[in-house]
Amino acid sequence: MASMVTNPVTNANSDRTKRKKKKSMIMEDNHQSHARWKSEAQQQIYSSKLLQALSQVSLNTPSSSAPRGGRAVREAADRALAVAAKGRTRWSRAILTSRLKLKFRKQKRQRGAAVAAVTGSSRSKKPRFSVSKLKSKSLPAVQRKVKVLGRLVPGCRKQPLPIILEEATDYIAALEMQVRAMTTLAELLSGSGAASSGSALPPQSPPPSQ
């Protein structure tokens, strides 16, 4: 009978031990994730995915819905970075799903415009009083900085501070690797372009001997 009675102190200690073990495992996974972005192998994987994404951008026919110029290159680089992260983080999943959300929003706006054109009803939008902006002005400085950081990291706009810090650390490490890979790629392309332009120049004849 006594063996069936649970000890609350023992249960509390076991729960505390489980929480510490889970926290240490999460910290170890985060450390491995941050170290992965600094490896040469991960940079090579991202570079190959970036080249594939950029080739698709250059092959696609320009349209009114597709982004152009530097924006298209930036979106392709970010999508390749999210694919390299394999969707293990919130910021990578947010980047992968952002394009679909924009597409659905545009289709919804087009349907609304078509309905308004058929019915002839157009609602005038009144300026709304933003309570969130008023609250953000009255927040302490630390909370305002946390909100700004949550906006900068994809997928972390409404997350608590520990998740924002964890995602921001991994996102910054990934961006640093992205800069290194794109710098190396730009140097290779500029070097090959200079070599090809140099080989295209006609050979110069030696000056006449006097």
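Me: Which ring does the charged end of Arg-36 sit over, and how far is it from the centre?
Reply: Happy to start there, with a note that this is a predicted model: local features need pLDDT of at least 70, side-chain atom pairs count only at pLDDT 80 or more, and totals for chains, interfaces and linings use all residues. Residues are numbered from 1 along each chain as its sequence is written, and side-chain values use heavy atoms, with hydrogens and water left out. A charge sits over a ring if NZ of Lys or CZ of Arg is within 6 Å of the ring centre and within 35 degrees of the ring normal. For Arg-36 the ring is that of Trp-37, and the distance from its centre is 5.0 Å.

Me: How many aromatic pairs does a search of the whole structure find, and what is the angle between the planes of Trp-37 and Trp-91?
Reply: Rings of Phe, Tyr and Trp (its six-membered ring) pair if their centres lie within 6.5 Å; planes under 30 degrees apart count as stacked, over 60 as edge-to-face and the rest as tilted. The search finds two such pairs. Trp-37 and Trp-91 form a tilted one, 6.3 Å centre to centre, with the planes at 45°.

Me: Is Trp-91 buried or exposed?
Reply: Buried means under 20% relative accessible area, exposed over 50%, partly exposed in between (1.4 Å probe, protein chains only). Trp-91 has 0% relative accessibility, so the label is buried.

Me: Which residues form the aromatic cluster?
Reply: Trp-91 also pairs with Tyr-171, the centres being 5.1 Å apart and the planes at 50°, so this pair is tilted. The one cluster is formed by Trp-37, Trp-91 and Tyr-171.
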